[in-house]
Amino acid sequence: MPTLPEKIVFALVVLGAAAWFARRAVFLTRLVRAGAPDPDTRIDRPLRRAASVMADVLGQRRVFRKPLVGAFHILIVWGFFVFAVNTINHFAGPFLPGFNLLGHGALARWYAATADVFAVLIIAGVLGLAFRRHVLRPASLTRPSVESAFVFAFIGGAMAAYLLDYAAHIALGLEADPGSHVVSAALASVFTGLDETVLHLVARATWWLDALAHLALVALLFIPTKHLHLLAGPVNLLLRRTRPRGALSVMDLEDEAAESFGVAKVQEFTWKQNLDLLACIECGRCQDFCPTHRTGKALHPKQLIVDLKHHLLREGPRILAGKEAEEGGAALAGGVVDTEAVWACTTCAACVEHCPMGIEHIDKLVDLRRHQVLMEASFPEQADGAFRNMETAGNPWGFAPSARAAWADGLDVPLISAKGRAEVLFWVGCAGSYDDRGKRTSTAMVKILKAAGVDFAILGPEERCTCESARRLGNEYLYQSATREIIETLGRYSFDRILVTCPHCLNTLANEYPAFGATYRVTHHAEFIGELIDSGKLTPKARTGNAVAVHDSCYLARHNGITEAPRRVLEAAGRRPADPAASGLKGLCCGAGGGRMWLEETAGERINRVRAAELAATGAGAAATACPFCATMLADGLKANDRGDVEIRDIAEYAADSLG
Ligand code: SF4
Ligand code: SF4
């Protein structure tokens, strides 16, 4: 039992710590709330949100994508919950002698045994993670990290102190039910023969160590360090957006009260974007599959989030004092974030997919781009030509709008303006209309549709670019103008669904148009061809059995969750899909997304060449994809790598070939 002076000191320490924690918690909460209003409803679908948080926090769903780290981490996470009762008992003990939150019956005995076992498991988890961080030193983790060393010492120290405290009590004969403390009881034998005074000293010292380690850990959260993720992470996961990942937020360009569009300063981030920053654990998973990080460009998603977080915390007092508005504050693009990094993102969503804290990187980068384009008219030179072509010619290359259906000459493809109605409106897309490679895909698709007897039609010259890449480059104005025009055009005709061969068109028409009041049933051709085969309307005949390396388009796989359909089409077409080392949700981007298709890639290695090398490394003599951007980028990459012998084609071409 602590003496009266000890109790007084303990009370003062706890009260002092609690006051400081409360002050910091209020500061951090105010800082998050100081953000701009968020466009998403963050509390819809509560059950789905709760289930998802359970899977991510208790099940460590994303953390387990690195199984060994996941195993060590889950021991600590579960231990954290198990030890909550002990922590309460520990801090209440000096003031309420004999207090146990679980009483003194069987439940308390079971709990004591469980806690003892978990103390050992937590120590194992800490040792495993410490070994990885400080001995193996993976590149994704910040090095050196004194803070992590302290955290490991505090958690491991608290657990060791807990076990030794009980062991000393058992050795002193002060523990009413020593048998419940399965580990401490065994440790007590170490103390055999020790003087009673020494044992009392050990008990007091370990008791204090346990308490102080707990307080130090909480202090580390609120400084704050990256360990704030213990609190901010679950909240961030709970408030994750439910709109489709590929759908960008809609800007109100008509808002006359708006003084600025996009984000220029940190105080213009929304409160959720602020929370995102505080939730980052700095694990580096976001950059493991990031194409810009992997190819040595200025954008490293972890660094982006960490830099923004530190800037937010530095500016916090000024923001809360209202001084940011008066004094301006530092510009993000070109100041806190390298301008090149702002434009390097391909919006491939590898970062978002793998972040265990539910952090949304893309929106922040697009918000920075939006400000650059809409307010500063500052963007990479090559984007200018693409913007102008999309605006004036309705396609990024500037080809004549009247030539949009020229690819279909001689193919007897009906125009919906002639039919008025079709079951399937085939949205051909710009690449499918003008690009040679894309035209081959469109032609193959027509062959498939006719073979299956599908009632379809195209818009022809009435179709125009969705300007999705302009939107991702920050030109929301151009995108919204195109959107209004397209919705008006589509409204003139009757169709059951839209068929697309481009995942970017899929994402735009299916995921982004509902926010503009237009909801369509949109099907990507990978799934559409699969449906035709399943229903028996399409019967592939030719089978070569040759291997085909499969490249997953980011906008098909990570943005829309479609990974199996392209492989099924290839299998049905008699080919053997061969996956490169990184595929599916882990696939490497081709480098064209986020509007990068229209920009020069000068820094670091070329992304398309790195990906092309991965495809060639499968040993397959051919490659397949289901996106016109990917096909162009990877064909260039293969050629640049002197692997032009590996021909890349769209899955529709393989399917059409197999029809004979
Ligand atoms: S943003 Fe997410 S994945 Fe990246 S370092 Fe932070 S927590 Fe890890
Ligand atoms: S979206 Fe892709 S390119 Fe952009 S930061 Fe994330 S991983 Fe990197």
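User: Which helix gives the most to the lining of the second largest cavity?

Analyst: This is a predicted model, in which local features need pLDDT of at least 70, side-chain atom pairs count only at pLDDT 80 or more, and totals for chains, interfaces and linings use all residues. Residues are numbered from 1 along each chain as its sequence is written, chains are lettered from A and ligands numbered from 1 in the order written, and side-chain values use heavy atoms, without hydrogens and water. Helices here are DSSP runs (H or I, at least four residues), numbered from the N terminus. α11 (291-294), α15 (350-354) and α16 (361-374) each supply at least two lining residues, and the top contributor, with three residues, is α16.

User: What is the volume of the second largest cavity?

Analyst: A cavity is a set of points, on a 1 Å grid over the protein atoms alone, where a 1.4 Å probe fits but cannot get out; lining residues have an atom within 4 Å of a point. Points are joined across faces, edges and corners, and a volume is the space filled by probe spheres set on them. For the second largest cavity that comes to about 90 Å³.

User: Which ligand takes the space of the second largest cavity?

Analyst: A molecule sits in a cavity if more than half of its atoms lie within 2 Å of its grid points. The residues around this ligand (a heavy atom within 4 Å) include Cys290, Leu299, Pro301, Cys345 and Cys351. The space is taken by ligand 2.

User: How many charged residues are in the shell around ligand 1?

Analyst: Asp, Glu, Lys and Arg count as charged; Ala, Val, Leu, Ile, Met, Phe, Trp, Tyr, Cys and Pro as nonpolar; the others, Gly among them, as polar. The shell around ligand 2 has no charged residues. Around ligand 1 there are eight nonpolar and two polar residues, and the charged ones number three.

User: Which helix supplies the largest share of the lining of the largest cavity?

Analyst: The largest cavity holds about 230 Å³ of space. Its lining has 25 residues, with Cys430, Ala431, Cys502, Cys505 and Phe629 nearest its centre. The largest share, four residues, comes from α19.

Methods. 1 Å grid on protein atoms, 1.4 Å probe; cavity = no way out; pocket = protein on both sides within 12 Å on 5 of 7 lines; lining within 4 Å.
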